[in-house]
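Here is a colleague's note to read beside the model. Please keep the structure open and find each residue as it comes up.

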Amino acid sequence: MAVIGLAGLTELAALPYQHLLTLPTMPSAVRVARETAELALAEWGISAAVRHPVTDPALLILSELVTNSVRHASALSSQITIMYAASRDTFAFGVHDRHPYQPPLYGAMTGGGSGLATVVQLTLELAGTAGVRQDADGGGKSIWVTLPL
């Protein structure tokens, strides 16, 4: 079983492919974030001719994270930022909002049925890592997922 933690986050800046997207914290952000991920992956040659097996679960994880920000952070965060990064063997993405609450990733597994539980379960099944990183000022956070390709 893979470890959920901040492993690999420091290496994200070194990934050769990167894209940053900022959206209003509203329901349409989920669709736009997902479509942007698909376009970025295709542009980077991942899922170009044949859809990579990690693509669909990764898009579901991303959709759940953006949905959580829209549902739970919109009162304090007027926008969310999604960072996409990849290399030939890694796909990573993070969803940032300005709500200070940091959900416990391990707790999501025992709570069952939540979107965050789905995120953790799929990440573990794909041998990926996930982590929550607090903003320096404590007023927001990013949830990162890194998946092997």
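1. Terms for exposure. Buried means under 20% relative accessible area, exposed means over 50%, and partly exposed lies in between (1.4 Å probe, protein chains only). By that rule, both F91 and F93 are buried.

2. What you are looking at. This is a predicted model: local features need pLDDT of at least 70, side-chain atom pairs count only at pLDDT 80 or more, and totals for chains, interfaces and linings use all residues. Residues are numbered from 1 along each chain as its sequence is written, and side-chain values use heavy atoms, with hydrogens and water left out.

3. Aromatic pairs. A pair of aromatic rings is described by the distance of the centres and the angle of the planes. Rings of Phe, Tyr and Trp (its six-membered ring) pair if their centres lie within 6.5 Å; planes under 30 degrees apart count as stacked, over 60 as edge-to-face and the rest as tilted. How many aromatic pairs does a search of the whole structure find? There are two. Y17 and W44 form a stacked one, with 5.7 Å centre to centre and 20 degrees between the planes. This pair links distant parts of the chain, 27 residues apart: Y17 sits in strand β1 (residues 17-24), and W44 in the loop between α1 (28-43) and α2 (55-73). Helices (H or I, at least four residues) and strands (E, at least two) are DSSP runs, numbered from the N terminus. Y17 counts as partly exposed, at 31% relative accessibility. W44 counts as buried, because its value is 12%. The rings of F91 and F93 have centres 5.3 Å apart and planes at 50 degrees, so that pair is tilted.

4. A salt bridge is a side-chain nitrogen of Lys or Arg within 4 Å of a carboxyl oxygen of Asp or Glu. The whole structure holds four of them. One joins E35 and R31 (3.3 Å, N to O). Both residues lie in helix α1, four residues apart, which is about one turn of the helix. E35 is partly exposed at 38%. R31 is partly exposed at 46%.

5. A buried salt bridge. Look at K141 and D97. Their side chains meet at 2.7 Å, N to O. K141 is in strand β5 (residues 141-148) and D97 in strand β3 (residues 90-97), so the pair ties together parts 44 residues apart in sequence. Are these residues, K141 and D97, buried or exposed? Both are buried.

6. D137 bridges to R98, with the closest N and O atoms 2.8 Å apart. D137 is in the loop between β4 (129-134) and β5, and R98 is in the loop between β3 and α3 (105-111), so this pair ties together parts 39 residues apart in sequence. D137 counts as exposed at 54%, while R98 is partly exposed at 33%. R98, D135 and D137 are linked in a network of salt bridges.

7. Two packed helices. α1 and α2 pack at about 150 degrees, with axes 9 Å apart. Axes are lines fitted to C-alpha atoms, for helices over the stretch in contact, and angles run from 0 to 180 degrees between N-to-C directions. Angles under 35 degrees count as roughly parallel, over 145 as roughly antiparallel, 65 to 115 as roughly perpendicular and the rest as oblique. α1 and α2 are therefore roughly antiparallel to each other. Residues of α1, including A29, V30 and L41, meet residues of α2, among them T55, L59 and V70; contact means heavy atoms within 4.5 Å.
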